[in-house]
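I opened this structure for the first time today. These are my notes on what I looked up.

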Amino acid sequence: MVRPYALFFYVLISCLAVTCVRDYPSTSPYAPPVATPPPGGLPGQQQPSAQRRLFLTNDKIRFGIDLNMGGAITYLAEAGSSENMVNNPDLGRQIQTAIYAGPYPYSQNGKDPVEAWKYLGWNPVQAGDYFLHPARIVSYQQTDNLIYVKTIPHIWPLFDEPAECTFEHWYDIKENRVNVRCRVTVNRTDTTQYDARTQETPCIYLNGPYDRMFCYTGLKPFTNDAVSEFTDRNVINRYGTENWAALLNEKGRGVGLFKAREVRFRTAGFGIPHVGGEFDVSAGYINSEDFWVVDHNGVYDFEYTLIVGTMTDIRQYVYSQPRPPSGPDYNFVKDRQGWYYVNTTDKGWPIQNELNVKWSRNETNPEDFRICAPLTFWYAENVSKIYIQAAFQTQGPTARLSWRKPDEYDFMPFQDRYVDFPIVGDGQFRTYEINTSQLPGWNGVISQISLTNSASQSNREQGARVRIRSVTSAKL
């Protein structure tokens, strides 16, 4: 889904070549500066030597990134205020992109990960690494309304080790909002397709006073139903059915994160509650958790919006956006549409009009494998049929569609959570129609679907594959 502001990016980016274009091949060593904001009003452009910030400003907000912190968002304030809400005590906070993949632990060029973060795996972080080495800026461009920055991120647990990928970010502001578009381009020498992982796309760390965590997790989204405030400060997943999460202060002001179609968020609080400044460890945290298969040569695009203000401001903007689909509408033309795999793999990037997946287990010890849709929110009554356009190459006579409810931590083996449907395993494309309205257990809210082999067909897995063009609730 392309939101209106994305069109602005596509038009404007073509004009950037005649604006302020600069190479910026290196960064300065990072040390947290002493915060000395001027009394009242907007902070001046004079910056501590450890910072190299670029700003966008309007009559609602002031926004900034730092070229000495990988182009991550390091400044966000309401107009007329000198209070920066973004938390910057090291290079793992900020508002930024962080990517995760295998292997675990991950070593490179003879460098092993620091023990505390040993099992993060391959973890490029936009701002820099645990040892305070800032990520490398390839180039950046700025106009009155847009900042573009291209970064070679660092592997967080390794000492001064650039990652085999680049991050590109396009930032613009409009009214009380920051619109962000990001592209992750991977170029790893390790061609293994590792298990899918949740990502931080983005993670948001705000200063200690902004640690009131909010999200709508109910089953009546977009009806002005009551939101939830979370006081548990552990890192916890939230089922955000209105596609947003927020961090507010005691006055009810702060920042909301909106991401179209996303329902997987996390919240947490760190340090001493409700106190602390930009360079203190106390912070509120939220993120958006895309689930990705990260290919060695993959390209991944995502967008999000930061809304500055009150809960009313945040929700008002969210409610003005197009509603997410009321049922499956996955067409695998250029990417996986958020689908991922458990104990199996596909043929990798690029995705060309289909998912081409091994219809068998990578490891025989787990009982099954799964081809999983992203977490979602559908009323079962709105999805009376599911159409799967696929070509199965297998000796097995059936496949299985499974589904989850919001209160279930995984796909459950109950008989009212799956249906086996007949397939033809000759490798030819067909459209398989599943009448879900007649299935026991297909009711209430559906939070996820998956495809797998029917029970007792593991002896027919050898050499089996499936190619999937679409999974939809309307016949194509």
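I began with Tyr130, which sits in the loop between strand S6 (124-125) and strand S7 (136-142). Strands here are DSSP runs of E with at least two residues, and helices are runs of H or I with at least four, numbered from the N terminus. The model is predicted: local features need pLDDT of at least 70, side-chain atom pairs count only at pLDDT 80 or more, and totals for chains, interfaces and linings use all residues. Residues are numbered from 1 along each chain as its sequence is written, and side-chain values use heavy atoms, with hydrogens and water left out.

Next I looked up Gly425. It lies in the loop between strand S30 (418-422) and strand S31 (430-435). Its relative accessibility is 27%, so Gly425 counts as partly exposed. What does Gly425 touch, leaving aside neighbours within four places in sequence? I noted Phe392, Gln393 and Thr394 (contact means heavy atoms within 4.5 Å). Gly425 and Thr394 are 31 residues apart in sequence, yet 4.6 Å apart C-alpha to C-alpha.

Then I turned to salt bridges. The whole structure has 23. Each is a side-chain nitrogen of Lys or Arg within 4 Å of a carboxyl oxygen of Asp or Glu.

One of them pairs Arg233 with Asp211, closest N and O atoms 2.9 Å apart. Arg233 is in the loop between strands S15 (228-230) and S16 (236-239), and Asp211 in the loop between S13 (200-207) and S14 (212-215), so the pair ties together parts 22 residues apart in sequence. Asp211 is buried, at 4% relative accessible area.

Lys259 and Asp290 form another, 2.5 Å from N to O. They link parts of the chain 31 residues apart. Lys259 is buried at 4%, and Asp290 is buried at 13%.

My last entry is Glu433 with Lys385, 3.1 Å from N to O. Glu433 is in strand S31 and Lys385 in strand S28 (residues 385-393), 48 residues apart.

Terms used: Buried means under 20% relative accessible area, exposed over 50%, partly exposed in between (1.4 Å probe, protein chains only).
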